[in-house]
Every structure is written in structure tokens, then in C-alpha cells.
Amino acid sequence: MANPKKLSDTVKLANGVEMPRLGLGVWKAKDGEEVQNAVKAAIQTGYRLIDTAAVYKNEEGVGKAIKESGVSREDLFITTKVWNDDQGYDSTLQAFEESRKKLGLEYIDLYLIHWPVKGKYKETWKALEKLYEDGLVKAIGVSNFQVHHLKDLLADAKVKPVVNQVEFHPYLTQKELLAYCNEENIQLEAWSPLMQGEVVRVDVIKELAEKYGKTPAQIVLRWDLQHGVVTIPKSVKEHRIRENADVFDFELSQEDMDKLDALNKNHRFGPDPDNFNF
């Protein structure tokens, strides 16, 4: 069981790159002031991982905040993703260039395929391999890939994905996927770890929050970390961004970890990776 002790703790990816264990997600954060303020607040708090995507339409704001943060580029870990419409070899290379320009960065730390678009993700992966070989990306990975997608990708991949970012929370514990990724040395990363706010309504989580003197969100983020899963809660509120990072001064017992695991009902708040149409 992983036991990270501070916000600056990292996990070593399969290719040797160090990735922070906790970061800020900026899905739904409006470009401009909203996303800039959120990213700046996160960096000031000590976050070093910022996760955006082309489809979020806020890469420019993220880039501006990075520039104004006063933290050196090497100390930050920036993730963005290629959107479904841009998948395919040439179009992915082009989409990457656009994301890079918007972010105002010379390189991206982690570039992901956002969704496993049938018949396209293998060509897209070839483009990511090229970006990796050219040194424009420090690490490449995927998002929303199930075990069968990963097996299919690995059958032809020259470079293995080092990260798989998926929906992961106590209602969707992804046991089989987590085990497979651990086996293949692919780092699992949780999006929507707080179940789109639902964590505050789950009795078991509320009871544990009381027991540990923490918020329901902090309980679930700690659960992610102890499972060895990188987690990127999203928020645009400074106090919440600080609160989400305050999860390194306590540890859940194995019994309480098991209680949270037992909440699983394979329930998705987001789309199903085997059945999406966008």
C-alpha cells in the first residue's frame, strides 16, 4: 500500500519520469481568469501537476498561469490530451502543436489519448510515439482505456503507455483494471475522484470523515493515494484547492480502506469507454 507523506511526493513512471501523486484537474474551469486563478492558487499551495485537455478549451489560461506562477518550468508537470476529432496520425501531431502553442510551452510532460476511438487510437498512438521520440513529450499515455483496449494497443506499440487516466472512485473501484495496470507497470490516474460531489452524501465516507477529523473529499483522495493511484481533483475555489491537498497528515487503516473498496457498484458518473459517441 502506498503511503505518500507530502504534496511534493512523486511516483516514478515506467520510463523513469517522476510524476506528482496529487494534482489539479481543470475540467469545466472557464478559460481566462477562472482557470488562471485556480492554477495559480494550486501552484502557490504546492501542487506541481496540472491536468488539462484540448477539449477543455482552457489551455491558454493554464499556460498564462504557469508563466506568471514564478515556479520554474522543470518543477511543473503539465498534462494535456488529444481530443477524439483530432485522432489519427497527422491530425494528432497538428493537435499537439496547437496545444503546445496555447500552453506556451516547449514540451509537455504527459500527453494522453483522451478516449479509445475505435479504429483510430493505434494511429494516434504512433503519433504520440513520434512526439516522445522527438523529445516534445516526456511521457505518453492514455485515458479511459479498459483492459482490452490496453492489450490491443500493447500488441503493436513500440513505446508502452506509462499512464492510464480513468474514472476511479469508491463506486467504481476498477479492481481488474488496477491489477492489470500494476502488472504492466502502467500508472493508474483517477479523474472525477470525488464522484462529481457525491462523496458528501455517502454514509460510510461521512462516518470515516468524522472518525479521522477530515472532510469526505479528503478521505477519498487519501484512499486513492494509498491505492497507489495518482489523483487530480478539480476545483476553481482556492479554499477547496488547499483543502484537497491536506491529505498527507493521516493514514487510513486497512480496515477502512476495505470499507471504501466495498462501496463499489461499478457505477459511472461519466461516459462508458466501451460505449461513447463523441
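Student: Which residues of H4 are buried?
Tutor: In this predicted model, the buried residues of H4 are Tyr121, Thr124, Trp125, Ala127, Leu128, Glu129 and Leu131.

Student: Okay, and how many residues does H4 have?
Tutor: H4 covers residues 121-133, which makes 13 residues. From the first C-alpha to the last it reaches 18 Å, close to the 18 Å expected at 1.5 Å a residue.

Student: What follows the helix?
Tutor: Gly135 follows H4, and its phi is positive, near 75 degrees.

Student: Which residues other than glycine have a positive phi? Let's start with Gln174.
Tutor: Gln174 has a phi of about 50 degrees, although it is not a glycine. Most residues other than glycine have a negative phi. Gln174 is in the loop between strand E8 (163-167) and helix H6 (175-183), and it is buried at 11% relative accessibility.

Student: And what is phi for Met195?
Tutor: Phi of Met195 is positive too, near 55 degrees. Met195 sits in the loop between strand E9 (187-191) and helix H7 (203-212).

Student: Is Met195 buried or exposed?
Tutor: Met195 is buried, with a relative accessible area of 0%.

Student: Switching topic: in what order do the strands of the sheet run?
Tutor: The order is E3-E4-E5-E6-E7-E8-E9-E10, eight strands in an open sheet with parallel pairing. Strand E3 (23-25) and strand E10 (230-231) are at the edges with a single partner strand each, so one side of each has no neighbour in the sheet.

Student: How many bridges are there between E8 and E9?
Tutor: E8 and E9 pair over five bridges, in the parallel sense. As an example, Val163 has Gln187 in E9 as its bridge partner.

Student: Where does UniProt put a binding site?
Tutor: The UniProt record, an unreviewed entry, places the feature "binding site" at His114. His114 lies in the loop between E6 and H4.

Student: Is His114 buried or exposed?
Tutor: Buried: the relative accessible area of His114 is 7%, and under 20% counts as buried.

Student: What does His114 touch?
Tutor: Leaving out residues up to four places away in sequence, His114 touches Ala53, Val55, Tyr56, Lys81, Val82, Trp83, Asn84, Ser143 and Asn144.

Student: Lys81 is on that list. Which side chain makes a polar contact with the side chain of Lys81?
Tutor: The side chain of Asp51 does, at 2.6 Å. Asp51 also has a polar contact of 2.8 Å, side chain to side chain, with Gln165.

Student: Where is Asp51, then?
Tutor: Asp51 is in strand E4 (residues 49-51), and it is buried at 1% relative accessibility. Among the residues it touches are Leu24, Val26, Thr79, Glu189 and Ile232.

Student: Last topic: how many residues are in the largest nonpolar core?
Tutor: The largest nonpolar core has 73 residues, and Leu24, Val26, Val39 and Ile50 have the most contacts inside it. Apart from it lies another core of 13 residues, including Val17, Leu112, Val163 and Ile232.

Student: What is Val26 in contact with?
Tutor: Setting aside neighbours within four places in sequence, Val26 is in contact with Val35, Val39, Ile50, Asp51, Thr52, Tyr56, Asn58 and Val62.

Notes: Residues are numbered from 1 along each chain as its sequence is written. This is a predicted model: local features need pLDDT of at least 70, side-chain atom pairs count only at pLDDT 80 or more; totals for chains, interfaces and linings use all residues. Side-chain values use heavy atoms; hydrogens and water are left out. Helices (H or I, at least four residues) and strands (E, at least two) are DSSP runs, numbered from the N terminus. The expected span of a helix is 1.5 Å times one less than its number of residues. Buried means under 20% relative accessible area, exposed over 50%, partly exposed in between (1.4 Å probe, protein chains only). UniProt positions are given in the numbering used here, feature names are shortened, and annotations may be inferred rather than shown by experiment. Contact means heavy atoms within 4.5 Å. A polar contact is a pair of N or O atoms within 3.5 Å; within protein, one must be able to donate a hydrogen and the other to accept it, and residues adjacent in sequence count only if both atoms are side-chain atoms. Two strands pair if DSSP finds at least two bridges between them. A nonpolar core is a set of buried Ala, Val, Leu, Ile, Met, Phe, Trp, Tyr and Cys residues joined through side-chain atoms within 4.5 Å.
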